[in-house]
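Have a look at the model first, and then we will go through its pocket and cavities together.

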Amino acid sequence: MNIVANRVRAALAVLALSAAPAAAQMSETAAAGALPAPKLVFTQFEMALAREVASDPGLAAFYGRSGLGAIFTGEGRSAQRAALDDAIAKAPLHGLPYRNYVVPAASAGAGASPEAAARAEADYARVFAAYARDVSTGVVDPARVDRENNHRQIIPLDMAQLMDRFLSEDPAEVIASLPPSDPRYRQLHEMLANQGRLVPPASAPEVAEGLYRVGASGPEIAALRARLASIGFEPETAPADPEEYDEDLAAAVLEYQRAAGLKADGVAGPQTIGQLHRGPGGANRSVVMAMERLRWLNGHDLNARHLWVNIPEFTTQIRENGEVTFETRAVMGKPDAVMQTPEFSDIMEFVVPNPTWTVPPGMASRTYLPRLAQNPNAYSYLDVVDRRGRVIPRSQVDFARYANGGFPYMLRQQPSADNALGRVKFMFPNEWNIYLHDTPARHLFNNAVRADSNGCVRIGRPFELAYELLRGNASDPRALFHRVLDAGEERWIRLDEPVPIHLVYFTALPDGEGNMRTFRDVYNRDGRLWAALQAAGVE
């Protein structure tokens, strides 16, 4: 009796997960007969399935809502199994750990007992859930990949809703809808698919290291032609001289570079020659990591207008419908662990002309207080302010007393052309106190590597960015901005059209023409990400 009761309770617990949202309506509708009576009798299969999926909230919610019916092993469910099998076969083309998506052989050929059938159903469902989560929101949790950057929040997949769709819609189309819809993901997917055919056979001649471009000649050029031809990259017409690097060969090299995810310039340099001998290798890794980082952003509408701040690229863009409508150089945080610009998504809400600058407490302790302890008159451009905003005379402050922390005041700089934030800042209030801003240090934008801030993002064209963001506030956003700026006082202008902002870390991404662009791994995050992906089973 106890065993039966426990089984029933397990099944009822699963059903309760989906029944809870409707509980509030029960009293109003039960009398009218709008709700069916709760199910109190369960088959052996249903009770066994309830036990199998009870530990997974998403699966439990789905099977509870669907009445514990089979969708993978039930009669007429071959389309669901076929769609899942096909997705697993193509998982390597998404850079996924395909070996993790294996239905045990015992379940694939499940016996007739209710327990075996329930186990088979649950095994298929668990594989489906694992694949769906990985291809949709990422193989690894970014918060666990890099302890220096644990701010990226993943929008979770609604597994119960997905399973509903998988049951009621075309299952192949449902699975196809799981990866990010961003065009760059599709380009990366194509690159990964192409790289499987980029390994020349052992019989292909080797090409000596060098730098070959149009006008070069020699036996190395003939070897380059033959190696490219062995994997299908050759001009349509035979060359007059196989040892001459002509325009047709440059076009073939360009096509290969694009397929391999290399810088596409038609010049066969060390990277291209090395890739021809190495096969997919390193380019594969760059593509897979870029796909994973895009999966972390799935759930955000990257076709809608948004700010895109790619830290390794040192740029800030406004993107809309896959196109860049505004771009400016940017300065990011220093590589020092406490000054790196973090990755996260938020909503840009305010443009703030004439900002005051309050020195962050950590920076005050590290940089300013030690010198103030030696010379209380140092940094004369900073006011000492109490928590109520009142300026405190420096003669009343014993700075040396706070050498080890506990400073009860703030250091604040009033609006000016020399203010550390420049003439304008852009606020998306967040717990890390990260924002975009102008800077008086304009020379930094001439550097190729622009990792020189204390964590916030300095903008090369701040006024132009303000005009773009304020276009929903006025027909003449430029006039609005300068009217407030010329008043000389700090003012927060709330955007009538708030804009999503994504601070991201892509060391490789395809451009609009499908060429892979690569950027310096300024914070050395690629190694940690690749190690995490490998540990998760990515090959």
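What volume does the largest pocket have? The answer is about 710 Å³. Keep in mind that this is a predicted model.

**The largest pocket**
- There are 30 residues lining this pocket, and the closest to its centre are Pro360, Met363, Asn454, Gly455 and Cys456.
- Helix α16, residues 361-374, gives the most to the lining, with 5 residues.
- Sorted by class, the pocket lining has 15 nonpolar, 11 polar and 4 charged residues.

**The largest cavity**
- This cavity has a volume of about 80 Å³.
- Its lining is made up of Pro142, Val145, Asp146, Asn149, Arg152, Arg293, Trp296, Glu343, Arg525 and Leu529.
- Charged residues number 5 here, alongside 4 nonpolar residues and 1 polar residue.

**The second largest cavity**
- The space in this cavity comes to about 40 Å³.
- Around the second largest cavity you will find Arg152, Arg293, Trp296, Leu297, Glu343, Val504, Tyr505 and Phe506.
- This lining includes 5 nonpolar and 3 charged residues, but no polar ones.
- Look for Arg152, Arg293, Trp296 and Glu343 in the model: they line the largest cavity and also line the second largest cavity.

Methods
Residues are numbered from 1 along each chain as its sequence is written. This is a predicted model: local features need pLDDT of at least 70, side-chain atom pairs count only at pLDDT 80 or more; totals for chains, interfaces and linings use all residues. Side-chain values use heavy atoms; hydrogens and water are left out. On a 1 Å grid over the protein atoms alone, a cavity is a set of points where a 1.4 Å probe fits but cannot get out, and a pocket is an open set with protein on both sides within 12 Å along at least five of seven lines; lining residues have an atom within 4 Å of a point. Grid points are joined across faces, edges and corners, and a volume is the space filled by probe spheres set on the points. Ala, Val, Leu, Ile, Met, Phe, Trp, Tyr, Cys and Pro count as nonpolar, Asp, Glu, Lys and Arg as charged, and the others, Gly among them, as polar. Helices (H or I, at least four residues) and strands (E, at least two) are DSSP runs, numbered from the N terminus.
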